[in-house]
Amino acid sequence: MARNASILIIDDEEIMREILETLLSREGYSVRVVSSGAEGVELARSIPFDAAIVDVMMPGMDGMAVLEQLKKLDDELPVIMITAFASVENAIAAMKRGALDYITKPFKNDEVLVVIRNAVERRQLIEENISLKQNLQAQTHNFAGIIGRSPKMKQVFDLIIQAAPARSTILITGESGTGKELVARAIHTHSSRPDKAFVTVNSGNLPPELLESTLFGHVKGAFTGAVYPKKGLCDMADKGTIFFDEIGNIPLETQAKLLRVIQEREFMRLGGMETIKVDVRIIAATNCDLKQMMEAGRFREDLYYRLHVINIYLPPLRQRKEDIPVLALHFLVKYGEENNKRALELAPEALDLLMDYHWPGNVRELENVMERAVVLATGPRIGTDLIPDHVRTAPAFQIPKFVVPPEGISFKDVITNVEKRLIESTLEAAGGVQKRAAELLGIKPTTLNEMIKRYDIGVRRGRKGSVAGDDEESASAADMRDETLKST
Ligand SMILES: Nc1ncnc2c1ncn2[C@@H]1O[C@H](COP(=O)(O)OP(=O)(O)OP(=O)(O)O)[C@@H](O)[C@H]1O
Ligand SMILES: [Mg+2]
């Protein structure tokens, strides 16, 4: 398929042009070479190419400027930068501006071929993807099993679509439970190798030697107990994707070997001498601050930059509350089916509780809460009673800051006042329904009713602004303080 793809090579060094031209023509690509940026851009203006290889350092129009011009002509053109190993920073900068990948000099032929093949495949996939993407957006809020409707998640979906077809290494960051593994799988599904293996490495707490033998395999006799030679996860992932979950846990010594896999796509077995080649897509995830780890000397700088070429950040659930209703519904259906309780519904008050909670455990925590509710549900409706205590008590209720005047204050009066105000606010929040207000306060309806009578509360109903927003809350807290002080 990639055979007749056309490649533009722009390099001022004659020897590089020759090497690349020979290599790529031999593979069946149709190749055009030029020796300056200006010529390259001119040519690209008149002939469409499937990919371009551009040297970063050139006299006159340099690689970055060429990249910019090429992207102006055709935003989807995959551009691959060539750079000296010492100036990888430039290449990273170029990728930030839209280059697809980079090759460091001196390069290996295979490396170039893999990069080009991916670029061309990506080009073809992008064309298909444009229509795919349009379809997706019109559909439900489900992208490859990832549920979300917030603009932040839409951006994540777009990034997956753009980044998936290339071979570039991807780093997924975000708090625990935000869906990093789900995203890694979605990238694999949308890559040019979806039918190949997806191998997860739980970088977890394995001692370095065991981790390395798991990753790279070992030869017979590599260590005590290595009676038979064994292949590793890197072998299993060949042609597919390897996913390093919690990459921040990988010990420094293993990081060096990993860097070699990323850079050269090769490794050695534990105790072995032979170099083994693999063609893998690498995805890593972490909830650590790798930059901080790097600064503290616990994460290799070169590995950090190699991983950071494309970063997908998953925001915590509390920063994308629009996703809560669709997620809750998704889990309701999912666990409803699993538990044979179809047609369940979530009461609006229960959803309110979910919306108010801050979800430190993110989507995983929401999933657990919904699963529990479904399992415990006895009727068709999931009400507030099925929401666990820690979620329902979490809404940001703030006790006002009391200012005690120098002359002192009557404890009893303050408490009475607080009680009265709290009941009023709760009644407002409960729309005047006493039973619900009692539920919200965790007291018996009869107790509440007694207090309402004692404080003669009913007559004061109908205050403005019945929504208990933050401003409302603090305004009434201030009122209360004023009144408290006055009453002394
Ligand atoms: N957007 C989402 N839509 C549907 N399910 C989700 C979403 N995000 C997370 N989940 C679910 O939440 C759970 C946790 O997700 P996942 O394992 O991908 O999180 P993670 O970021 O890898 O967490 P950790 O850092 O703890 O490993 C999984 O069951 C996953 O299916
Ligand atoms: Mg995970």
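These notebook entries record what I looked up in a predicted model.

**Conventions.** I worked on a predicted model in which local features need pLDDT of at least 70 and side-chain atom pairs count only at pLDDT 80 or more, while totals for chains, interfaces and linings use all residues. Residues are numbered from 1 along each chain as its sequence is written, chains are lettered from A and ligands numbered from 1 in the order in which they are written, and side-chain values use heavy atoms, with hydrogens and water left out.

**Entry 1: ligand 1.** I looked up the shell of 17 residues around ligand 1 and noted that Ile147, Ser176, Gly177, Lys180 and Glu367 come nearest (a residue is near if one of its heavy atoms lies within 4 Å of the molecule or strand). I then checked polar contacts, meaning pairs of N or O atoms within 3.5 Å. A polar side-chain atom of Ser176 lies 2.5 Å from an oxygen atom of the ligand. For Ile147, a polar backbone atom is 2.9 Å from a nitrogen atom of ligand 1. A polar side-chain atom of Asn287 is 3.4 Å from a ligand oxygen atom. Taken alone, ligand 1 exposes 630 Å², of which the protein buries 84% (accessible areas by the Shrake-Rupley method with a 1.4 Å probe).

**Entry 2: the sheet S9-S10-S13-S8-S14.** I found 5 strands in this order, forming an open sheet with parallel pairing. Strands are DSSP runs of E of at least two residues, and helices are runs of H or I of at least four, both numbered from the N terminus; two strands pair if DSSP finds at least two bridges between them. Strands S9 (198–202) and S14 (310–314) stand at the edges with a single partner strand each, so one side of each lacks a neighbour in the sheet. The twist averages 20° from one strand to the next (axes are lines fitted to C-alpha atoms, for helices over the stretch in contact, and angles run from 0 to 180 degrees between N-to-C directions). S10 (241–245) and S13 (281–286) pair over 4 bridges, and Phe244 has Ala284 of S13 as its bridge partner.

**Entry 3: the sheet S2-S1-S3-S4-S5.** I noted a further open sheet of 5 strands with parallel pairing. S4 (79–84) is joined to S5 by 5 bridges, and Ile82 stands opposite Ile103 in S5. Helix H1 (14–26) lies across S1, S2, S3, S4 and S5, at about 170° to S2. Helix H3 (63–73) touches S1, S3 and S4, and its direction makes about 180° with that of S4 (contact means heavy atoms within 4.5 Å).

Methods: A polar contact is a pair of N or O atoms within 3.5 Å; within protein, one must be able to donate a hydrogen and the other to accept it, and residues adjacent in sequence count only if both atoms are side-chain atoms.
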